[in-house]
Amino acid sequence: RTMPLSRRTGQMPEATWTLGFREMTEPWKGTAGCLGVAVFFAMTIGIISWQALEQPPEEWVLRGRRGGLLWERRRGALLLRALPAGRAVAAVAVGGVPAAEPPPPRDRCWHDGGQFCYEWEEDAELRLSLEPPPAPSTECYSVRWTPLRPSVMLKDCFSMANISWYGGVSLRAQRWPLNGAESHAQPFVSGGFSKNPKGYGPVLERYFLGSTGVTVTVPPDVPVFLSLESNRHFCLASPVGRAAEPLHYTLCVSTDIAAAHRHVGTQLSAQERALPDTALLGHQLFPPRRSPVWRYSGPGGSAAKIKRGLRSLARRLKRHRLQEGVLVLGEHCTAVLAAVQDHAPSGRRKRQDPSRAWDPSVLAPLQLAVTLSPYTSISSSLFLRTLRDGHAATYWLSLQPHSGGSPIPLLTTWKGQLCARLNVTSEAALGWYLARARRLRQALGATYMVFEGAEGNAFLEQAVPPPAELEGDLYTGALAEALATLGNATIISAGARSSHLPLFIQMSPLRSDWSYAGLKGIIPSVLHYSLLGYNFFIPDAVGGSLAGDSPGDTELYVRWLQIVTFLPVMAFSTPPWLCCDAWVLNLTRHCIQRHRDFVVPLLIKYSSEWLSLGYPIFRPAWWLSPMDPAAFTIEDEFLIGDEVLVAPITDKGQTWRDIYLPGEGHLWMDPSTARVFDGGTVLRNYSAGLAEVPLFVK
């Protein structure tokens with residue numbers, strides 16, 4: 001019996017076909033969901049494929065007439081390419097910003113065809129711009145990073161893959177090229193190896209030169225850290241612990257490495273160049289000649305002992321027929337003699353005991369050089385007097401307390417003593433210092449003055465941000481400018497943007513061994529100094545002088561002597577009769593004569609080219625073979641100008657070596673045999689006995 005369906009009035013009954021349809025469509029709903037997921041993945045893959053296939057891995061962001069900068073998406077790097085062939089010149093890996101995020105098509109500087117601007121939100125802004133070219137065949141690009149947050153640390157790394165780099169910094173163990181060097185991140189400023197053996201040396205320019213024809217220059221007022229990672233890259237970074245510092249440098253591209261240096265590197269100092277006193281080279285027609293340099297290392301306990309020691313050394317040099325040159329007193333001995341002069345009452349100086357008086361004529365024909373530094377001990381009467389009179393901040397570098405009050409002298413160490421350093425920003429301090437140097441030179445009858453300790457930034461050594469006027473190496477530059485007013489017979493221990501000044505540069509001491517910190521590092525240092533414009537340098541003493549090392553290896557002494565024969569000045573600390581056999585003494589006389597007769601005229605000839613064009617006097621092999629990759633890594637040969645090639649032995653026990661002759665199409669002659677060889681070739685197993693140094697004339 002069927003019961004009637006009971007329902008509320010106005011309520012729609014549930015249709016049986018709807019229920020049936022639901023049951024029927026359940027399988028189709030799963031199918032539709034799978035189809036949607038498939039479509040989503042297909043779209044995603046399509047977008048990725050479009051980005052990979054349609055968007056190029058490199059995108060031009062700034063293009064000039066001779067080259068341009070591209071953004072490489074995979075590495076997040078700036079690429080510099082030369083046009084029209086698109087030759088890769090440099091790769092700069094970007095650090096401190098999201099490297100994987102490529103610049104979008106939009107350019108905030110789109111209205112200016114000579115610029116590209118992009119901003120990584122909340123991180124940094126990148127601005128690229130074309131710069132006025134230094135020569136028609138060279139093009140330059142400014143790269144400027146600006147952090148947008150205090151915590152952003154900017155860092156750009158320049159790849160060493162397939163490119164050799166030169167210039168920049170001097171190192172304890174100098175390498176040529178820089179690819180083989182290693183250094184942790186530290187301020188890009190000059191320094192002394194005695195304070196920081198792993199730091200950067202006393203000759204430095206913010207200029208790097210690449211074998212592909214690229215240059216990198218950093219403005220002198222930009223605070224920057226530099227690191228070197230052997231055979232990987234070198235990096236420029238904003239300073240650690242200093243908030244929101246911009247990173248700024250300029251890239252230039254030329255046809256080859258030699259052209260790049262001629263167009264950019266020779267313009268590091270835009271001021272007129274001047275020569276130091278060439279008499280120190282030995283460039284004199286008549287005696288007494290002022291070469292070589294003999295460093296006094298005798299007794300220094302008192303003025304009387306120093307005078308006796310100097311007279312004794314002068315007599316020995318005369319006895320061995322080495323009586324010409326310059327005797328150099330170190331800083332300590334200079335201070336001892338100066339104290340005697342200073343303490344003699346002015347009214348009694350003419351009547352003082354002749355045994356106490358200093359008469360430089362007793363050294364004749366040898367000349368005298370004395371040594372000073374911009375440091376004074378905090379226990380000295382000089383420092384205490386300025387402190388008592390309230391003039392310490394005028395004469396010495398000082399710190400301004402955060403809470404106000406009087407400035408506090410910035411103390412640092414120099415030769416194991418706690419010292420204050422001369423304030424080169426004070427005209428009063430500089431005037432006093434230079435007047436004191438002139439008085440001392442006159443009192444001691446010195447021909448030359450040596451100034452040590454010019455390198456380094458005392459503020460950065462104490463991890464204190466320096467004032468703007470002493471940022472980077474501005475201290476070294478200011479001191480060099482002041483010392484140049486003493487005349488061209490001045491020798492200084494450091495160089496930074498001062499290659500145009502008429503100063504000699506004293507090279508750092510080297511170890512008495514065959515390593516890159518010893519003999520093997522001489523030629524890389526010579527090429528480095530000359531590339532940066534410091535052609536008139538005094539190398540370390542024959543055999544090395546670091547930490548009082550006394551050369552006891554005759555072979556090392558002879559090979560060292562052979563190299564310095566072809567350098568501007570020959571310097572000795574250990575005389576040949578104290579270290580070696582009699583034949584080495586005869587060889588020393590021969591090398592000194594060869595330096596005067598053969599080398600010095602060459603240096604004078606090419607110094608005129610340096611004055612007018614800025615070309616280095618001591619040149620690497622690639623100067624004549626700028627497109628030959630084999631020339632880029634030659635570290636044990638050097639050219640004097642374009643016409644003489646010197647290829648010494650730098651390995652212990654070797655009496656032969658391979659020699660690369662640069663300049664395809666040139667001819668080179670060995671004067672000792674009159675044999676002639678083609679340039680652009682390598683001479684294998686070329687003989688070089690212990691008394692010989694391979695030399696070729698073009």
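Select cysteine 591 to begin: its relative accessibility is 6%, so cysteine 591 counts as buried (buried means under 20% relative accessible area, exposed over 50%, partly exposed in between, with a 1.4 Å probe and protein chains only). The model is predicted: local features need pLDDT of at least 70, side-chain atom pairs count only at pLDDT 80 or more, and totals for chains, interfaces and linings use all residues. Residues are numbered from 1 along each chain as its sequence is written, and side-chain values use heavy atoms, with hydrogens and water left out.

Next, select cysteine 419, which counts as buried because its relative accessibility is 2%.

Turn now to the disulfides (pairs of cysteine sulfur atoms within 2.5 Å). A search of the whole structure finds three.

For one of them, select cysteine 140 and cysteine 252, whose sulfur atoms lie 2.0 Å apart. This pair links distant parts of the chain, 112 residues apart: cysteine 140 is in strand β7 (residues 139-147) and cysteine 252 in strand β15 (residues 247-253). Strands here are DSSP runs (E, at least two residues), numbered from the N terminus. The link of cysteine 140 and cysteine 252 is right-handed, with 105 degrees about the S-S bond, and both cysteines are buried.

Move to cysteine 157 and cysteine 235, joined by a disulfide with an S to S distance of 2.0 Å. Cysteine 157 lies in strand β8 (residues 155-159) and cysteine 235 in strand β14 (residues 233-237), so the pair ties together parts 78 residues apart in sequence.

Finally, select cysteine 579 and cysteine 580, where a disulfide spans 2.3 Å from S to S. This link is left-handed, with -80 degrees about the S-S bond. Cysteine 579 and cysteine 580 are both buried.

Terms used. Helix = DSSP H or I, 4+ residues; strand = E, 2+ residues; numbered from the N terminus.
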